[in-house]
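Thanks, everyone. Please look at the screen.

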Amino acid sequence: MNPFTTEEMNLVCLYDPGNRAGTIYELRDMLRYLMPDETELRQLAESAIAKLEAMTDAAFDALAEDSLPFLADE
């Protein structure tokens, strides 16, 4: 089961370097560059980070494989 909303999943896909820890790092780094009025994107990223922190690496890998099966063979 995918715990992410469509918007969160899009954000995760954009910032995913290939592993859960790296995705968390990249999303946190992105937060540093947001302008004060970008509250919706900040909330979205923080929600995605919380969900990533709550899952295991194996669950993240399974989610990535289910969401992007055409990349699993590469």
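The buried residues of H1 are covered by elements that include H2, H3 and helix H4 (57–67). This is a predicted model: local features need pLDDT of at least 70, side-chain atom pairs count only at pLDDT 80 or more, and totals for chains, interfaces and linings use all residues. Residues are numbered from 1 along each chain as its sequence is written, and side-chain values use heavy atoms, with hydrogens and water left out. Helices (H or I, at least four residues) are DSSP runs, numbered from the N terminus.

Which residues of H1 are buried? Glu 8, Met 9, Leu 11 and Val 12. Buried means under 20% relative accessible area, exposed over 50%, with a 1.4 Å probe and protein chains only. Those four cover an arc of only 160° around the axis, so they sit on the same side of H1. The arc is taken from the directions from the helix axis to the C-beta atoms. Thr 6 and Leu 14, on the other side of H1, are exposed.

Now the partners. H2 first.

Helix H1 (residues 6–15) packs with helix H2 (residues 20–31) at about 100°, axes 9 Å apart. Axes are lines fitted to C-alpha atoms, for helices over the stretch in contact, and angles run from 0 to 180 degrees between N-to-C directions. That makes H1 roughly perpendicular to H2, a label for angles of 65 to 115 degrees. From H1 come Leu 11, Val 12 and Tyr 15; they meet Gly 22, Thr 23, Glu 26, Leu 27 and Met 30 of H2. Contact means heavy atoms within 4.5 Å. By class, this contact holds five nonpolar residues, two polar and one charged. Ala, Val, Leu, Ile, Met, Phe, Trp, Tyr, Cys and Pro count as nonpolar, Asp, Glu, Lys and Arg as charged, and the others, Gly among them, as polar.

Next, H3.

With H3 (residues 39–54), the H1 angle is about 80° and the axes are 9 Å apart. H1 and H3 are therefore roughly perpendicular too. On the H1 side we have Glu 7, Glu 8, Leu 11 and Val 12. They meet Leu 41, Leu 44, Ala 45, Ser 47, Ala 48, Lys 51 and Leu 52 in H3. The classes here: seven nonpolar, one polar, three charged.

Last, one residue. Is Glu 8 buried or exposed? Glu 8 counts as buried, because its relative accessibility is 3%. Leaving aside neighbours within four places in sequence, Glu 8 is in contact with Pro 3, Leu 44, Ser 47, Ala 48 and Lys 51.

Terms used
Helix = DSSP H or I, 4+ residues; strand = E, 2+ residues; numbered from the N terminus. Parallel < 35°, antiparallel > 145°, perpendicular 65-115°, else oblique.
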